[in-house]
Structure formats: C-alpha cells, structure tokens
Amino acid sequence: MLGARVASMNITTVIPDPEVLIAMPTAELAGIVLGEMQKQGERYREHPGNFTSHGRFPNFDNNLIPAVQGAMMEAFCFLVNEGMLIPEPANNTPAWQMLSRLGKSIKTKHDFSAFLHSKLFPKDSIHPLLTEQVYPLFMSGDYETAIFKAFKLVEVAVRDTAGAGFEGFYGIELMRKAFHPKTGPLTIQEEPESEKEAIMHLFAGAIGRFKNPSSHRHVPISDPRETIELLQFASHLLRVVDDRKRN
C-alpha cells in the first residue's frame, strides 16, 4: 500500500547539483519543493519517510546524500509548519501529508515570496490606515506605490489635523507650517525648542524624500525589507499625528 502511494517527485531534475541544494536557504528550497509537489496533481500524497529516501536522489554523490536528506527534510518540515502540508484526513496513518488549501493556492514564486513577506510584516504591526490602504499594495509587490501611498496618507492626516486654513498647503510647506515651532497647530509648545524644530524637520524631510516615488534613491524599489522599513516609518508619523490630534 505504501509503495503505491509514493509520489514521483524527483528534486534532482530541478536541482541537479547536490551542493547547490545543500547550500540553499530552507525557505527557498521549500518554495521549489512546493512547486514540484503541485505538479504531481490533486491526488499527490507524501510520507516523510519516503520523501528523503536514498532512491529519491539518483546520481548524487553518496557522501553528500545525508546532507541532502537533511536539507530536504528541513524544507518538508517548513511546509508542514507553515500549514502548506497537512495530514491526510481519510488516512489512519497521520504521517501521510497532502497539500492544504494554502499549499494549493501558492501557484508561483511571487505567491510564495508574498507569503514569506506577510510573515515578515504582520498586518497589526502598522497604523490601521496603512493596514487598510497600503498593506494590499505591499502584498502584491507594488512597493513603490505602497511607499508613495503611505506618505500621501501622512500628508493628508497632517492637513486634516491642522484644520481650517491649511487646505491649500501641500508637501514640505505644509509640514513646516503645521509643525512650525512658534505657530504650528500640531506643535506642543511645552516641548524644548530643539525638539519642536526636530519634529518639524522630521515630517518635512520624510514627505520631501519619500512621497514622490521619483525621489527614491533606489528606483524601482524591489526589496521588501526596505519597503517595510519605510512603511513602519510612515506608520510612526501617523501615530505622532494621532497623538497631536488627541492633545
């Protein structure tokens, strides 16, 4: 029975060099393994004992097989831990694993990267405005638009909070007027002069640097970690505006 259920997946057709496989980060290898599993069809099932059997790696140097088996089991466990592989419900032997709905839904390398990004950047770690309006852009990989939108939201929040008379101001000028150390409606006059100057420059610099995508040093932005850093910065600025609104 077990022999009839062993899938035909052969990772060596995708990664023919065992040293490359061994050196590959676990998440990257797991993404490749997931793609190969999906090619086996709806009836695909896998048993961890068979998954790393010696016969799965034909033509690999025998001396490297143990390291290959270890790397492959790490990838297998990664998929299990992330909920992409689940025990087959109808089988009394829970070790048999099948693709979950999540595992089936991740069709491309981009989908897999987006999943990993979501784990790097949980929704509840940023301001609710960004969660609603910017997070979907980040998840789709549209990093440049996500950054522009985030700092546009900062600009709108500052203008709205500053109130009447600020409707016609934008960008750096708006920030300098709203946080002006002497007359800014968002300035806390009890703060030291140096801090009032600093908060004005912080907002003006952020808007001047990041609201216009063409001003980015790296164009186009392709690094999700850089994007996360900037979205978290925008989130902090929005929370500062919220605090000023309450005050």
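These legends accompany close-up views of a predicted model.

**View 1. The largest pocket and its lining.**
Welcome to the largest pocket, which holds about 500 Å³ of space. Of the 20 residues that line the largest pocket, those closest to its centre are Glu-28, Gly-31, Ile-32, Lys-109 and Phe-112. Three helices, α3, α7 and α13, each contribute at least two residues to this lining. Which helix gives the most to the lining? It is α3, with eight residues. By residue type, the lining of the largest pocket is made up of nine nonpolar, six polar and five charged residues. For anyone wondering how such a space is found, rolling a probe the size of a water molecule over the atoms shows where empty space is left.

**View 2. Phe-112 in helix α7.**
Here we stay with one of the residues closest to the centre of the largest pocket, Phe-112, which is found in helix α7. Is Phe-112 buried or exposed? Its relative accessible area is 8%, so Phe-112 counts as buried. Setting aside residues up to four places away in sequence, Phe-112 touches Ala-27, Ala-30, Gly-31, Leu-34, Phe-78, Met-84 and Ile-106. Take Leu-34 as an example: it is 78 residues from Phe-112 in sequence, yet the two C-alpha atoms are 9.2 Å apart in space.

Helix α12 runs over residues 193-210 and has 18 residues. Which residues of α12 are buried? They are Lys-196, Ile-199, Met-200, Phe-203, Ala-204, Ala-206, Ile-207 and Phe-210. These buried residues pack against α10 (143-162), α11 (171-178) and α13 (224-246).

**View 3. Helix α13 and its cover.**
With 23 residues, α13 reaches 33 Å from its first C-alpha to its last, close to the 33 Å expected at 1.5 Å a residue. The buried residues of α13 are Pro-224, Thr-227, Ile-228, Leu-230, Leu-231, Ala-234, Ser-235, Leu-237, Leu-238, Val-240, Val-241 and Arg-244. What covers them includes α7 (109-120), α8 (128-133), α9 (135-139), α10 and α12.

Ala-157 is found in helix α10. A relative accessible area of 16% falls under the 20% limit, so Ala-157 is buried. Which residues does Ala-157 touch, not counting those up to four places away in sequence? They are Leu-238 and Val-241, both of which are among the buried residues of α13. For a sense of scale, Ala-157 and Ile-15 are 142 residues apart in sequence and 51 Å apart in space, C-alpha to C-alpha.

**View 4. Arg-246 in helix α13.**
Arg-246 also lies in helix α13. Its relative accessible area of 63% is over the 50% limit, so Arg-246 is exposed. The side chain of Arg-246 makes a polar contact with the side chain of Asp-243, at 2.2 Å. Along the chain Arg-246 and Glu-82 are 164 residues apart, and their C-alpha atoms are separated by 40 Å.

**View 5. Gln-189 in the loop between α11 and α12.**
This loop holds Gln-189, which is partly exposed with a relative accessible area of 37%. Leaving aside neighbours within four places in sequence, Gln-189 is in contact with Pro-181, Lys-182, Thr-183, Gly-184 and Lys-196. Lys-196 belongs to the buried residues of α12. Where does the side chain of Gln-189 reach at 3.2 Å? It reaches the backbone oxygen of Pro-181. The backbone oxygen of Lys-182 lies 3.3 Å from a polar atom of the side chain of Gln-189.

Arg-45 sits in the loop between α3 (26-38) and α4 (48-51). Arg-45 is buried, with a relative accessible area of 17%. A polar atom of the Arg-45 side chain lies 3.2 Å from the backbone oxygen of Glu-42. Asn-59, in the loop between α4 and α5 (65-81), counts as exposed at 82% relative accessibility. Most residues other than glycine have a negative phi. Asn-59, although not a glycine, has a positive phi of about 75°.

Methods. Residues are numbered from 1 along each chain as its sequence is written. This is a predicted model: local features need pLDDT of at least 70, side-chain atom pairs count only at pLDDT 80 or more; totals for chains, interfaces and linings use all residues. Side-chain values use heavy atoms; hydrogens and water are left out. Helices (H or I, at least four residues) and strands (E, at least two) are DSSP runs, numbered from the N terminus. Buried means under 20% relative accessible area, exposed over 50%, partly exposed in between (1.4 Å probe, protein chains only). A polar contact is a pair of N or O atoms within 3.5 Å; within protein, one must be able to donate a hydrogen and the other to accept it, and residues adjacent in sequence count only if both atoms are side-chain atoms. The expected span of a helix is 1.5 Å times one less than its number of residues. Contact means heavy atoms within 4.5 Å. On a 1 Å grid over the protein atoms alone, a cavity is a set of points where a 1.4 Å probe fits but cannot get out, and a pocket is an open set with protein on both sides within 12 Å along at least five of seven lines; lining residues have an atom within 4 Å of a point. Grid points are joined across faces, edges and corners, and a volume is the space filled by probe spheres set on the points. Ala, Val, Leu, Ile, Met, Phe, Trp, Tyr, Cys and Pro count as nonpolar, Asp, Glu, Lys and Arg as charged, and the others, Gly among them, as polar.
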